[in-house]
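Open the structure in a viewer and keep the selection panel at hand. The stops below go from one selection to the next.

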Amino acid sequence: MEKNDIGIIHGTEYRAMTKKLLEWADLAGMIGSKDKKIGLKPNLAVAKAPESGATTHRELLEGTIEYLQEHGFGRISIMEGSWVGDSTKAAFRAAGYDRVSERYGVPLVDLQRDSFTEYDAAGMKISLCDAAAEVDFMINMPVLKGHCQTAVTCALKNLKGVIPNSEKRRFHTLGLHKPIAHLNTIARNNFILVDNICGDLDFEEGGNPVVMNRILGFLDPVLCDAWVCGSMGYETEEVPYIGLAERLGVGSSDTGSANVVFLNEDAAGTAKFTMTGRVKRLAGYVEPEDACSACYGSLIYALDRLNDRGLLSKGAGPVSIGQGCRGKTGNTGIGRCTELYEHSLGGCPPKAVDMVKFLEEHWVSEQ
Ligand code: SF4
């Protein structure tokens with residue numbers, strides 16, 4: 001796997017998908033010696049089940065541990081420090097990690113209770129939990145989701161879980177963006193396995209999950225977060241910590257030079273799913289016919305961006321999407337399945353950021 005590669009796999013067999021993606025990336029070759037200490041860093045900011053859109057699905061951990069154990073790696077631990085105000089222990093239980101730990105014999109490390117050491121992070125003093133600093137290889141497993149302060153959260157921000165509570169509080173007083181960028185100059189982040197199964201629309205605590213049923217693999221955390229911006233309808237510049245991290249040499253935000261590899265044979269899988277709250281309201285603007293979850297989920301994010309700008313207030317004809325639109329005609333359609341529509345955005349699936357521009361031009365203006 002090269003630094004500009006992005007691996008994408010979709011479906012609902014999350015454990016098997018994880019293993020397939022790790023085989024493609026040749027994670028074992030990347031780690032090297034079987035003696036290496038490997039850390040798995042999920043997103044358990046809060047004590048909530050992954051279905052809420054807030055936390056990493058346990059199947060990603062199971063698939064990763066099985067892959068590592070089958071390749072002869074034995075020094076694995078799952079580590080996290082939940083946000084201030086929630087107990088990591090409770091978060092481990094809520095996400096079912098206690099059972100994962102028992103089944104595979106992999107310890108859970110509560111970083112809220114760990115000792116820590118201060119480092120120079122490119123000119124900024126930052127304390128890092130010792131257990132996280134001691135691993136040889138860190139697999140970062142963030143949830144792709146919205147965030148009330150930083151708009152998006154994924155690879156770069158997920159590492160906030162490897163600092164002590166006192167440091168988390170300080171990060172907030174510093175406005176998050178700068179310290180997150182600096183933290184990424186010292187915290188290990190060797191491989192990024194993104195849980196894009198059902199991350200929340202706009203809130204790190206969950207409540208409005210957007211089902212996408214995807215798992216993504218990256219080597220570069222800056223590329224990861226820049227790509228995530230596009231998949232949620234944002235420009236990279238709208239999330240300052242990404243550019244700051246790039247300027248500190250953490251990685252590259254050049255998504256135009258990325259090599260995107262789809263690991264499924266078909267373009268994207270369709271799946272039935274339940275929508276709640278705000279996601280359901282946004283879906284009221286859509287007329288889906290056998291829509292793939294990745295396509296539909298991207299459209300939900302795009303509609304939310306238009307909503308942010310007050311552009312969803314007037315009545316408009318529905319936006320068509322899905323494989324059932326193939327060969328049909330209509331007014332406004334998303335994805336190559338709607339290529340015969342009067343206004344159609346190509347791509348399979350198109351990115352949310354492109355959907356925003358397309359809908360602004362061909363749909364909002366016609367309302
Ligand atoms: S364009 Fe059609 S096939 Fe492609 S992701 Fe969208 S709905 Fe699925």
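A salt bridge here is a side-chain nitrogen of Lys or Arg within 4 Å of a carboxyl oxygen of Asp or Glu. The model is predicted.

**Stop 1: salt bridges**

Select Asp304 and Arg278. They form a salt bridge in which the closest N and O atoms are 2.5 Å apart. Asp304 sits in helix H13 (residues 293–308) and Arg278 in helix H12, so the pair ties together parts that are 26 residues apart in sequence. Asp304 is buried, with a relative accessibility of 1%, whereas Arg278 is partly exposed at 23%.

Next, select Lys328 and Glu289. Their side chains meet in a salt bridge of 2.7 Å, N to O. Lys328 belongs to the loop between strand S14 (319–321) and strand S15 (332–334), and Glu289 to the loop between S13 and H13, so this contact ties together parts that are 39 residues apart in sequence. Lys328 is partly exposed, with a relative accessible area of 36%; Glu289 is also partly exposed, with 33%.

Then select Glu205 and Lys48. This salt bridge has an N to O distance of 4.0 Å. The pair ties together parts that are 157 residues apart in sequence, because Glu205 lies in the loop between S10 and strand S11 (214–218) and Lys48 in the loop between S2 and helix H3 (58–70). Glu205 is partly exposed at 26% relative accessible area, and Lys48 is partly exposed at 29%.

To see a network of salt bridges, select Arg15, Lys19, Arg58, Glu62, Glu66 and Glu70, which are linked in this way. The structure holds 17 salt bridges.

**Stop 2: helix H1**

Select residues 14–25, which form helix H1. At 1.5 Å a residue, its 12 residues should span 16 Å, and the end C-alpha atoms are 16 Å apart, which agrees. Colour the buried residues of H1: Tyr14, Met17, Thr18, Lys19, Leu21, Leu22 and Ala25. Lys19 is also one of the members of the salt-bridge network. Now show what covers these buried residues, which includes strand S1 (5–10), helix H2 (27–31), H3, S10 and S11. After H1 comes Asp26, whose phi is positive, near 55°.

**Stop 3: the sheet of eight strands**

Eight strands make an open sheet with mixed pairing, in the order S4-S3-S2-S7-S10-S11-S1-S12. At the edges are strand S4 (108–110) and strand S12 (259–262), each of which pairs on one side only. Neighbouring strands of this sheet are turned by 20° against each other on average, direction ignored.

Within the sheet, select strand S7 (residues 137–141) and strand S10 (residues 191–196). These two run parallel and are joined by two bridges. Which residue in S10 is the bridge partner of Asn140? The partner is Ile192.

**Stop 4**

Another open sheet has four strands in the order S13-S14-S15-S16, with parallel pairing. S13 and strand S16 (343–345) have a single partner strand each, so one side of each is left without a neighbour in the sheet. From one strand to the next, the twist averages 25°.

Select S14 and S15. They run parallel, with two bridges between them. Ile321 stands opposite Ile334 in S15. Then show H14, which lies across S14, S15 and S16 and runs at about 175° to S15.

**Stop 5: an aromatic pair**

Three aromatic pairs are counted in the structure. For one of them, select Tyr285 and Trp363. The ring centres are 6.0 Å apart and the planes are at 85°, so the pair is edge-to-face. Tyr285 is in the loop between helix H12 (277–283) and strand S13 (286–288), and Trp363 is in the segment after helix H14 (352–362), so the pair ties together parts that are 78 residues apart in sequence.

Notes. Residues numbered from 1 in each chain as written. Predicted model: local features only at pLDDT ≥ 70, side-chain atom pairs only at ≥ 80, totals over all residues. Heavy atoms only, no water. Pairing = 2+ DSSP bridges. Axes fitted to C-alpha atoms, helices over the stretch in contact; angles between N-to-C directions. Phe/Tyr/Trp six-rings, centres within 6.5 Å; stacked < 30°, edge-to-face > 60°. Buried < 20%, exposed > 50% of the residue type's maximum accessible area, 1.4 Å probe, protein only. Expected span 1.5 Å × (residues − 1). Contact = heavy atoms within 4.5 Å.
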